[in-house]
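Please read them with the structure open beside you.

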Amino acid sequence: MGKEVFYITTPLYYVNDVPHVGHAYSTVGADVLARYKRAQGREVFFLTGTDEHGQKVAKAAKERGFESPKALADQVVQRYQELWSLLGISHDRFIRTTDEDHKRCAEKFWRTVAANGYIEKRSYTGWYCVHEETFWPENQLHQPGNLCPDCDRPTQSTSEENYFFKQTAFAQAMREHLAAEPGFVQPESRRNEILGSYLNLEGGVQDQSISRGTVKWGIPVPDDPGQVIYVWFDALINYITAAGWESDPERFKKVWPADVHVIGKDILRFHAVLWPAMLMAAGIPVPKKVFGTGFIVNDGKKMSKSLGNVVDPVDWAGRFGVEVLRYYILREVPFGHDGSVSEEGIQGRYNTELANDIGNLLSRTLGMIEKYCEGKVPEPQAGTSDPLRAEAEKLWPAYAAAMDALAFHEAIESILVLSRRANKYVDDSAPWKMAKDPSRSAELGNCLYTLAESLRLIAFCLSPFMPKTSGQMLAKLGLGEAEIDAKGRLATSPLEAACRFGALKPGTPVTKGEALFPRSEAATV
């Protein structure tokens with residue numbers, strides 16, 4: 001049986017520290033994509049989790065007085081799980097690299113690659129960055145000081161006997177794969193980085209040390225318990241662990257290959273170079289896409305504890321609202337690029353886009369239907385040409401193209417284009433004037449129907465970003481919050497069909513109720 005499931009993953013977040021808004025950004029983005037695919041009628045498997053092995057975790061646990069690295073991991077994992085629950089992340093599994101099924105899968109994977117002839121034991125002398133858990137050849141270090149190319153921290157000269165993965169055996173195959181599948185690494189700037197900095201650079205691809213004899217916190221190497229599996233070789237395997245490679249081969253056929261790995265740009269080379277080579281060595285198909293997100297910065301600076309500019313997503317969710325935060329970070333920072341967030345930015349988006357463009361449109365439309373149409377959706381005029389309907393029918397093609405490209409800020413913009421056009425339509429049409437002239441009753445009905453139907457489309461397209469808000473909008477339009485379930489699946493038709501203009505039934509009772517985005521709230525956040 002061929003692959004049936006849309007499989008999306010986030011990075012495995014490292015447990016040496018608690019989550020911040022950068023972690024929320026990539027996870028909310030993956031959640032939005034998962035909800036969108038479910039709304040389209042796809043079966044989705046959405047994976048997130050934590051990376052818990054390695055020297056960095058062991059060091060952090062010792063410095064903080066934990067009895068073991070696992071004790072530190074257990075505490076930090078709870079913070080991640082609580083945050084994902086707060087943010088409405090609809091994952092299907094939260095995997096930990098300390099899970100027993102992952103240990104079994106990692107051991108089987110190691111044995112498979114070794115049996116295929118791509119692992120051997122060698123003496124090694126080189127440079128290791130504890131912070132990035134990465135080995136570096138000397139010709140790639142930043143000088144002076146033998147600094148890590150990723151974080152500019154000093155590296156340590158290391159000499160030991162380790163197991164090596166023959167990554168160089170797959171360099172040409174990976175070059176050919178990127179040439180044949182240009183969408184494998186996205187966005188294009190990340191693909192160019194992989195080609196220019198690693199695959200096409202002399203010495204950019206080297207055999208990879210994949211075990212440590214001096215580190216004890218990790219999965220023991222099969223048949224050599226004095227060594228543990230290198231943290232990256234261990235962690236990447238999680239994607240096939242969760243898909244059932246070791247535990248459920250029939251399920252694995254339905255889930256793998258992954259449709260998209262959403263990862264941070266700082267770990268791109270592991271996912272776009274090391275991981276495909278590992279899979280090729282094991283005889284497993286490579287993922288369809290690796291999408292590298294950018295960094296979120298605060299007040300123009302990359303977030304760090306030392307600078308004191310780390311944004312706590314729990315704090316912002318409490319002050320601004322969970323769904324406002326979900327909307328803002330994907331609206332403000334284009335997925336795949338660096339971007340800045342600030343309190344002024346979230347307040348501005350709330351006021352201009354949510355309160356004015358969408359909330360005001362909903363309130364004024366439902367208010368006029370209550371006032372002029374006894375609170376029921378009026379009849380549209382058959383055979384009439386309506387400029388707003390023409391705009392509404394443009395929403396789905398623009399929205400779907402953006403969502404499929406993970407251009408979430410553009411998808412939101414397509415929603416706002418329609419809401420702004422609808423607000424202008426109200427001003428230009430002046431329904432209050434039509435209501436004073438009985439001869440224009442049909443024209444009034446058509447105007448208000450077109451507005452209500454535009455709002456229905458807006459609500460459905462907003463649902464992956466703001467699921468509860470979308471449900472509230474649909475309830476006000478008389479459709480009920482049950483139209484969309486907790487994971488984003490639609491009760492009746494796929495999202496594309498739901499976004500066809502004209503499905504709202506005349507006579508449906510509407511309820512204006514309280515404002516969806518009250519400006520008084522915006523003023524106090």
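The points below concern a predicted model, and they go from strands to helices, then to cysteines and to single residues in loops.

1. The strand β1, which covers residues 6–14, is mostly covered, since nine of its nine residues are buried. This strand is joined by seven bridges to β2, residues 44–51, and the two run parallel.

2. A separate point concerns an open sheet of four strands, whose order is β5-β4-β6-β8 and whose pairing is antiparallel. Its edge strands are β5 (134–136) and β8 (208–209), each of which pairs on one side only. Between β4, residues 119–129, and β5 there are three bridges in the antiparallel sense, and here W127 stands opposite W136 in β5.

3. Helix α10, made of residues 268–282, lies across β5, β6 (156–165) and β8, and the angle at which it runs to β6 is about 35°.

4. How do the axes of α17 and α18 cross? Helix α17 spans residues 441–462 and helix α18 spans residues 467–476; their axes come within 8 Å and cross at roughly 160°. Because an angle over 145 degrees counts as roughly antiparallel, α17 and α18 are roughly antiparallel to each other. The crossing in which α17 passes α18 is left-handed. The contact is made on the α17 side by L455, R456, I458, A459, F460 and L462, and on the α18 side by T469, S470, M473 and L474.

5. How many disulfides does a search of the whole structure find? The search finds zero. A disulfide is a covalent bond between the sulfur atoms of two cysteines, and the cut-off applied here is that the two sulfur atoms lie within 2.5 Å. For C447, the closest cysteine sulfur is that of C373, at 9.6 Å, which is too far for a bond. C447 is also buried, with a relative accessible area of 1%, and C105 is likewise buried, with a value of 0%.

6. Two cis peptide bonds deserve a look in the model. One joins Q143 and P144, with omega about -5°, and P144 lies in the loop between β5 and β6. Another runs from W256 to P257, with omega near 5°, and P257 lies in the loop between α9 (249–255) and β12 (260–264).

7. N146, which is placed in the loop between β5 and β6, has a phi near 55°, a positive value in a residue other than glycine. L406 is not a glycine either, yet its phi is positive at about 60°; this residue lies in the loop between α14 (387–404) and α15 (408–429). Is L406 buried or exposed? Its relative accessibility is 3%, so L406 counts as buried.

8. A last point concerns G65, which lies in the loop between α2 (55–63) and α3 (69–86). G65 counts as exposed, because its relative accessibility is 64%. G65 and P464 are 399 residues apart in sequence, and their C-alpha atoms are 41 Å apart in space.

Technical notes. Residues are numbered from 1 along each chain as its sequence is written. This is a predicted model: local features need pLDDT of at least 70, side-chain atom pairs count only at pLDDT 80 or more; totals for chains, interfaces and linings use all residues. Side-chain values use heavy atoms; hydrogens and water are left out. Buried means under 20% relative accessible area, exposed over 50%, partly exposed in between (1.4 Å probe, protein chains only). Two strands pair if DSSP finds at least two bridges between them. Contact means heavy atoms within 4.5 Å. Axes are lines fitted to C-alpha atoms, for helices over the stretch in contact, and angles run from 0 to 180 degrees between N-to-C directions. Angles under 35 degrees count as roughly parallel, over 145 as roughly antiparallel, 65 to 115 as roughly perpendicular and the rest as oblique. A crossing is left-handed if the near helix is turned anticlockwise from the far one by less than a right angle, and right-handed if clockwise.
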